[in-house]
Amino acid sequence: MEVRDLLGKVLHLEMIQTTYFLHIQRGVVMINQLSWKVGGQQGEGIESTGEIFAIALNRLGYYLYGYRHFSSRIKGGHTNNKIRVSTTEVRSISDDLDILVAFDQETIDVNYKELHSKGVILADSKFNPKKPEDTEASLYSVPFTEIATELGTSLMKNMVAIGATSAVLDLDIHVFEVVVREIFGKKGDKVVAKNMEAIQAGFDYMKEKMDANVPTMVLEKADGKRRMFMIGNDAIALGALAAGCRFMAAYPITPASDIMEYLIKKLPAVGGTVIQTEDEIAAATMTIGASYGGVRAITASSGPGLSLKMEAIGLAGITETPLVIVDTQRGGPSTGLPTKQEQSDLMAMIYGTHGEIPKIVMAPSTVQEAFYDTAEAFNLAEEYQCPVIVLSDLQLSLGKQTVEPLDVSKVEIRRGKLVTEELPEIENKGYFKRYEVTEDGVSPRSIPGMKNGIHHVTGVEHAETGKPSESAANRNAQMDKRFRKVENIRFNTPVYKNAPHEDADLLIVGFNSTRGAIEEAMTRLEKDGLKVNHAQIRLIHPFPSDEVLPLVRSAKKVIVVENNATGQLANIMKMNVGHAEKITKYLKYDGNPFLPHEVHSKCKELF
Amino acid sequence: MATFKDFRNDVKPNWCPGCGDFSVQAAMQRAAANVGLLPENLAVISGIGCSGRISGYINAYGFHGIHGRSLPIAQGVKMANRDLTVIASGGDGDGYAIGMGHTIHAIRRNVDITYIVMDNQIYGLTKGQTSPRSAVGFKTKSTPMGSIEQSISPMELALTVGATFVAQSFSTDLKDLTALIEAGLNHKGFSLINVFSPCVTYNKVNTYDWFKENLTKLSDVEGYDASNREMAMQTLMKHNGLVTGLIYQNTERPSYQELLTDYSEEPLVDSDLNLDQAHFDKLVAEFM
């Protein structure tokens, strides 16, 4: 793709995004996508700067995708918030960067390589910013802190930066007014006015200083529709609420805590609550207790918490207690990379807990799917009376993005074989056959408080009434019954497929948040002339072989893109559908999400 | 009205003849009947160990969980259905070793359940290892030279973390034990009842005779006032923890569920699961 700038020179963009520049007029570049990043020291308000910028643009109808780079500390350390703005839906961070707002030199040094040649650095004059030699991007030293201090407080330097950004984008700064009012309204009109003044001052300063050679980047007008702007964890929590969840027990951990923090605010309105437990073991077992008690309950954690919950997961498996657990994966093992992206819990989630139990592991690949899948997890947990793990990853859980409307009327509530009618009396104080061996393996489920439903529940192998039994015949009957339950599991869309080709050159496979990068890579590969199919696995276990095998068969080559070091999904695929000879892996485990161009070039290497 | 017989089932306990746990089981069944419960409205949640089997020996909803975790399971059950009476039970290893974290936090949280610990100062089901309740010098398979770790004082510990009901009993005192369990079941909050329940197979030191010789009934302590936390602590220290009776009760502090904001007065298990469109729209609007 060749793009000429206002002087007629060919622009060399390091990475060209899909339909990046629409057209260029004198001094103005029309764009349909913008990539903006703000960086500085943690605790400096970097997050809120990004938030204000993003919310305002989301309200204009743009699609946003944000990704935060942060460290496991509260103050200090480099942090940045990268926000992609587009007129069409985006599900991945962008390859490159148009504007970098820097509050320290480190931000420039760490991030400048993402800027393309026409990119702009807006840096606080306070630290005397220096432009690295090997970049064609322009640097403007803007007195963010100075202007803010003159207006009353240096805290407003972020607002000045938003103003300066608006100048580069020729954005009407009034779009920020409502957001500023929402955030600072409580502090009074004066504070709101001061902050708006700071934005105006940043805008005015930058307008005057802008070099004529640097064109203003004007975003194509968005459709103006109001859409949700949320993180995957919000959707997970909302999905739980929509499914009738009334109780959560959890222990704080990055990147899962948002789920409990949201639900503690919202559950009381429906009579429920969240208990912050003493540890992850208590969180899992308390959830089991509530579920055994008949209430839809959830617990959520990340890898370290899941490791602690494993014994409880086995208990839910053998006692056939419905259990919904969210695992928002992060960099492991141990404390690993606690604030970074990784997808390395796959095997642990499928096989974790000692012994063997039926289990369902699902992996939503978008925020919308996170909502519907979490809601569905409650149905599956009750229908199959087993643990259901909703697998997410840091990028999906924390990446803040624009989301198309969610339809609560699509959320069904199905409670399986939960007893709803009065039970007949059992002679001689006999126990209810809670573990009755049935054809489909699922037994009727009575809950405490039900007359004539008394039975025993134990993690010891047991007979139909729940009483312990070690007989070989009973062991076989109960083990077989438990596994029979998930043999024919019904799951709406076990695989997200975009498979236009009957004979594809390449099948790209991923799960969770890699979807966006793969989708963009696929578009570019198609432009390169390759026939590409894409499958994002949404039901990890039991593995949907029937859906995946035809796709593997019909592709010349298969590449599995995943954020781990051992190729866990690729290995699971080989185990389930074979074709080991054509399955290759593209692995990344440095803590960062895949970029579209990385997936694109890796795939091209195969041909 | 149910009688204690209604809380019996046809399962023969696998405890050794003479085990203290038989009396605890009987006292639980009597107390349940005495407070007017029906079997289906009682849930007994137990841990792992000899005593953990108790949930299978009572005609009630019974949940035999994993080692040390009876308390979180029991609290979950109670949160789901506040109309149920929930008893958690297990041994001293279950509650004071592997499950100690939960014990302390369950006491602090004060969910309205009753926790009965069958304390035999030894690990029975694993055939005789030291317990956190074993005295210094106690010889077991895992401490052949005698235990060199300080033993835990569960009653004193409970008082320091804000317990609202602390009692101790001896399994042979069936009448007193039954009355204490009744009081625990009637207490609005978390009640901890530690019961000396001798292991006749592996503990040859803390025997029935040893307890008879060493225990002091609080009813025999002149002027003892169970509403006085300081007195409770001093009395426990003076008698090296070897007292029986109601040690402390605070009837002022509301239970966890009473303190929760907007927590449903109806049992959660009865709530309508459908989230109406208007409510959902309100939630969604906050993200726009």
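Modeller: Helices (H or I, at least four residues) and strands (E, at least two) are DSSP runs, numbered from the N terminus. Chain B comes to 10 helices and eight strands. This is a predicted model: local features need pLDDT of at least 70, side-chain atom pairs count only at pLDDT 80 or more, and totals for chains, interfaces and linings use all residues. Residues are numbered from 1 along each chain as its sequence is written, while chains are lettered from A and ligands numbered from 1 in the order in which they are written.

Biologist: Why is chain B called as compact as a globular protein of its length?

Modeller: The radius of gyration is taken over C-alpha atoms, and the globule rule is 2.2 Å times the number of residues to the power 0.38. For the 288 residues of chain B the rule gives 19 Å; the radius is 20 Å, close to that, so the chain is as compact as a globular protein of that length. Its C-alpha trace spans about 70 × 45 × 40 Å along the principal axes.

Biologist: Is helix H7 of chain A mostly covered or mostly uncovered?

Modeller: First, the term. A residue is buried if 20 or more other C-beta atoms lie within 10 Å of its own, exposed if 12 or fewer, and partly exposed in between; C-beta atoms are placed from the backbone. H7(A), residues 232-242, is mostly covered, with 11 of its 11 residues buried. Among them are Asn233(A) and Asp234(A). Gly244(A) follows the helix, and its phi is positive, near 90 degrees. In chain B, buried residues make up 51% of the 288.

Biologist: Which residues have the most contacts inside the largest nonpolar core?

Modeller: A nonpolar core is a set of buried Ala, Val, Leu, Ile, Met, Phe, Trp, Tyr and Cys residues joined through C-beta atoms within 7 Å. The largest has 249 residues, and Ile121(A) and Met248(A) have the most contacts inside it. Helix H12 (residues 367-384) of chain A gives the most to this core, 10 residues. Another core, of six residues, lies apart from it and includes Cys50(B) and Cys199(B).

Biologist: In what order do the strands of the open sheet in chain A run?

Modeller: Strands of a sheet pair through backbone hydrogen bonds, either parallel or antiparallel. Here, two strands pair if DSSP finds at least two bridges between them. The order in chain A is S21-S23-S22-S25-S26, with mixed pairing. S21 (495-498) and S26 (583-587) of chain A stand at the edges with a single partner strand each, so one side of each has no neighbour in the sheet. Five bridges join S22(A) to S23(A), which run parallel. In S23(A), His534(A) is the bridge partner of Ile508(A).
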